[in-house]
Amino acid sequence: MKYLSGEEKRKAQQFMDKAAEVALHSTCFRSRCGTVIVKDNTIIGEGFNSPPQNECLESCLKDTLPASFKSDKTCCVHAEQRAIMDALRRNSAKIERSQLYFIRLDEQGEKQYAGDPYCTICSKMALDVRIGEFVLWHEQGICVYDTKEYNARSFRFFPK
Ligand SMILES: [Zn+2]
Ligand SMILES: [Zn+2]
């Protein structure tokens, strides 16, 4: 992983801002996240988290499932998954070695720090379609991970 500076940081900030705009479309009441996938300084895919087909649920499935439930508990398709599907649909030839930017918003629509990578669903999917880098916003700045590293870190995640 590396933190960006100078011109690289300035450009990355623009794509983070765009991801935050995309996140505002989320229909999930639990959290709003946005993703853009970028290749050669152009957005080739974007997505926000929401239940399948952008349904608005009265309550989150997550709250009704038993602790022993085996699979992903969230009601939503993740923003990263949506963006990957969007890129595959519209720009499948460009997805290899692209960058995936991810941001989460709070209730006021303000950007939040990502914390350590943990979502193995998205890390595996990004690695499988050969996205080159994952970009997150941390307290120390905008951080770029090689997707292999991102996937490995996600599998090593332990809540603090
Ligand atoms: Zn949700
Ligand atoms: Zn995910």
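Two strands pair if DSSP finds at least two bridges between them. Strands (E, at least two residues) and helices (H or I, at least four) are DSSP runs, numbered from the N terminus. The model is predicted: local features need pLDDT of at least 70, side-chain atom pairs count only at pLDDT 80 or more, and totals for chains, interfaces and linings use all residues. Residues are numbered from 1 along each chain as its sequence is written, and chains are lettered from A and ligands numbered from 1 in the order in which they are written.

Strand 4 (residues 99–105) runs parallel to strand 6 (residues 133–138), with 3 bridges between them. Leucine 100 faces phenylalanine 134 of strand 6. Strand 6 also pairs with strand 7 (residues 141–146), here antiparallel and over 6 bridges. Histidine 138 has glycine 141 of strand 7 as its bridge partner. A hairpin of 2 residues links strand 6 to strand 7.

Helix 1 covers residues 6–23. Its buried residues (20 or more other C-beta atoms within 10 Å of their own, with C-beta atoms placed from the backbone; exposed means 12 or fewer, partly exposed in between) are Ala12, Phe15, Met16, Ala19, Ala20, Val22 and Ala23. They fall within an arc of 150 degrees, seen down the helix axis, so they line one face of helix 1. The arc is taken from the directions from the helix axis to the C-beta atoms. Exposed Glu7 and Arg10 sit on the face turned away from the buried side.

The axes of helix 2 (residues 79–91) and helix 3 (residues 120–128) come within 9 Å and cross at roughly 20 degrees. Helix 2 is therefore roughly parallel to helix 3, a term for angles under 35 degrees.

Technical notes: Expected span 1.5 Å × (residues − 1). Axes fitted to C-alpha atoms, helices over the stretch in contact; angles between N-to-C directions. Parallel < 35°, antiparallel > 145°, perpendicular 65-115°, else oblique.
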